[in-house]
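Dear colleague,

Here is the structure I promised to hand over, followed by an account of what was found in it. Please read the notes with the model open beside you.

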Amino acid sequence: MAALALALLISLGISIYSLAKVSGGSAPDTGAGMQQRGGEGASFRSGERGVFPGNRNGSQAAGQQSRWEGGLRSAASAGDSSAAGDFDGWPQSTAEGGSQNAASGGKDSSAQGQNGGQQSEVPGDPQNAADGSGSGSGFTRPSGMNPGGFGSDGQYGLALAVYAALFAGLLGAAFYYAKAGRLRINESRRGLLIGLLLAVGLFLKLAAAPWISGYRGDIRFFTTWAQEAAHGLGSFYENSSSDYPPLYIYILYATGKIVTLPQIESFFLTLIKLPSIIADAVTAWLLYKAASRRLPFETALLIAGFYMFNPAVLINATFWGQVDSFFTMIVVAAVLAVTRRKLGWGAFFLTLSILMKPQGIIYSPVLLFALLRTGKPGPWLKAAAIAAVTTVIIALPFSAGKNPLWLYQLYSSTVGEYPYASVNAFNLFGLLGANYKNSSSIFLFFSYHVWSMIFIAAATLLSGWYYLRSRNAAFASLSALLLISGVFTFSSSMHERYLFPAAALALLACVYFQDKRLLWMAFGFSATIFLNTYAVYYGYTSRGGHVGFLLFFSALINIALCILLVRVMLDRSRQPNALSLEAALLPEQV
């Protein structure tokens, strides 16, 4: 307790000092898409609402149509002019300066940028839109170090790698001593202890957040979306470039409103990252609550610390500035609700996950399996009603003047925007050298897309078969883990970060089944998630059919972990139901 209290004081002091320096204007310039006034500083409240590439209304003022946007749309094979990308990254087809100005609000009317209008091409990139090679779609997700552009600034890479190595060693030793019974914490105030641990992690991440510029393309999108959301939700999709579903736009709306307060503008980058940083702590707490009912306190504390300080979690929110942590928090809550046999709550959280990211659809079979096992129509009707009401409530503020199918059309356009076998994902298709290769290309009699559908169907059927065979509510965690790991590893159009929830789900499954193989999976998935995100963030990706060491190593591990997971599910499905209602995580007042 004393050690954690001291660590909390130190981390709180560092956080206050860091934020004070930011307030004093010492933070690095992130170029986060905010308008400049008089050439000094970033002004969110300037009222300027420059046009972003991919605006859904398809309109721009005369002379402001960026060369980048024009080239992007004319090259897009999907023909979708309403949205241009998932915005987990952004196509790169003009000079760095021109793209930066376009992302900052469409202020570059000549599209010449800083390189005299010369179009930038990625050497060896088969998807470069300039020559129409590759798939011809014109989409290219830039990656890695691109100061002032859309990648990262390349800072803190060595420090992060050293931290990851130290974390792995210390955590491995801690679990070893815990298993051997040599790790004892004689403390009655256990709730306070876990609170201190999570608070330390929260304040340390908060202290680091404003000094790491993040993946600049995504940060610019989020800041511009926050600005547009603050002007009104009803016109958000017409006036912004966003193709994110509505749920997270509420968070950006709040961010946009907060940043208009006096003296808050300098904290814009921190506010963009803050929801995901808080979600890290919430997910760690949920894992702790699950573990504390079934495992010794020391092990439960280690599991919470494993997630909270995990390098794979750290690089996603604190470094990159992405929202996968927030999405994962909702997915974990949904799986816990299904495990607790609260299927109404499960439907609610799963609907929220889909309304935040289309990837939430991957986890929907878990609820369907649980509903099938009830054998009654009542739970189906209740779950459907909850999902429908939740969708209407979330989408209603955005629906003014739109046709009833606008949300469906939003999802349809998003799903079809990356027609590639792999989008920097360390999976089977990446291992086959198909990164950014058109998914319609033929491989062994079928296209990559057809193979993807076959693998998705196989993963869904396997997870459902084992879930129904086991008659164990806790199998929801294993089924969800197989769905995301199987879809990521063997499906097309996967981005580097889509595997992110697997780290939390592997820990949750380990809690319920206490199988050391699942603990190794948590380590393994955390490692491959970190390596994949690190490679893209710092520019170590493989293009033009080349398979680098990181891709080769990580993809093989992911494939091996999927095979091991199927074996674990086979073994566990043969055992009798070991989960009682009293041992479940979520209390009645969830």
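How many helices and strands does the protein chain have? The protein chain has 22 helices and 4 strands, and please keep in mind throughout that this is a predicted model. Of the 590 residues in the protein chain, 58% are buried. As for contacts in the protein chain with a separation of 6 or more, 76% of them are accounted for by residues 24 or more positions apart.

The largest nonpolar core holds 142 residues, and I249, Y363, L518 and F525 are the ones that touch the most other members. Taking I249 from that group, and leaving aside its neighbours within four places in sequence, one finds it in contact with A229, L233, F236, Y237, S242, Y244 and F398. Another core, of 13 residues, lies apart from the largest one, and its members include A421, L428, F429 and L431.

Next come the cavities. A search of the whole structure finds 4 cavities of 30 Å³ or more, and the largest cavity contains about 50 Å³ of space. Which residues line the largest cavity? The lining consists of D324, F327, K357, Q359, I362, Y363, I484, R497, Y498 and P501, and by class it has 6 nonpolar, 1 polar and 3 charged residues.

Because F221 and W225 are 4 residues apart in helix α6 (residues 216–230), about one helical turn separates them. F221 is buried, with a relative accessible area of 1%, and W225 is buried too, with a relative accessible area of 0%.

A second pair, F549 and F553, is stacked, with 5.8 Å centre to centre and 15 degrees between the planes. Both of these residues lie in helix α22 (residues 549–573), where they are 4 residues apart, about one turn of the helix. Elsewhere, Y215, F319, W320, F530, Y534, Y537 and Y538 form one aromatic cluster.

Y156, a residue other than glycine, has a positive phi near 65 degrees; it lies in the loop between α3 (96–103) and α4 (157–179). Y156 counts as partly exposed because its relative accessibility is 40%, which falls between the limits of 20% for buried and 50% for exposed. Y436 likewise has a positive phi, of about 65 degrees, although it is not a glycine, and its place is in the loop between α17 and β3. Y436, however, is buried, with a relative accessible area of 0%.

The loop between α17 (428–431) and β3 (442–443) also holds S441. S441 and Y420 are 21 residues apart in sequence, while their C-alpha atoms are 9.1 Å apart in space. Not counting residues up to four places away in sequence, S441 touches F446, S447 and Y448.

Finally, there is L482, which is found in helix α19 (residues 475–490). With a relative accessibility of 3%, L482 counts as buried, because that value is under 20%. Where are its contacts, once residues up to four places away in sequence are not counted? L482 touches A459, L462, S463, V487, L565, V566 and M569. L482 and I563 are 81 residues apart in sequence, yet they are 9.6 Å apart in space, C-alpha to C-alpha.

With best wishes

Notes. Residues numbered from 1 in each chain as written. Predicted model: local features only at pLDDT ≥ 70, side-chain atom pairs only at ≥ 80, totals over all residues. Heavy atoms only, no water. Core = buried A, V, L, I, M, F, W, Y, C linked by side-chain atoms within 4.5 Å. Buried < 20%, exposed > 50% of the residue type's maximum accessible area, 1.4 Å probe, protein only. Contact = heavy atoms within 4.5 Å. 1 Å grid on protein atoms, 1.4 Å probe; cavity = no way out; pocket = protein on both sides within 12 Å on 5 of 7 lines; lining within 4 Å. Points joined across faces, edges and corners; volume = space filled by probe spheres on them. Nonpolar A, V, L, I, M, F, W, Y, C, P; charged D, E, K, R; others polar. Helix = DSSP H or I, 4+ residues; strand = E, 2+ residues; numbered from the N terminus. Phe/Tyr/Trp six-rings, centres within 6.5 Å; stacked < 30°, edge-to-face > 60°.
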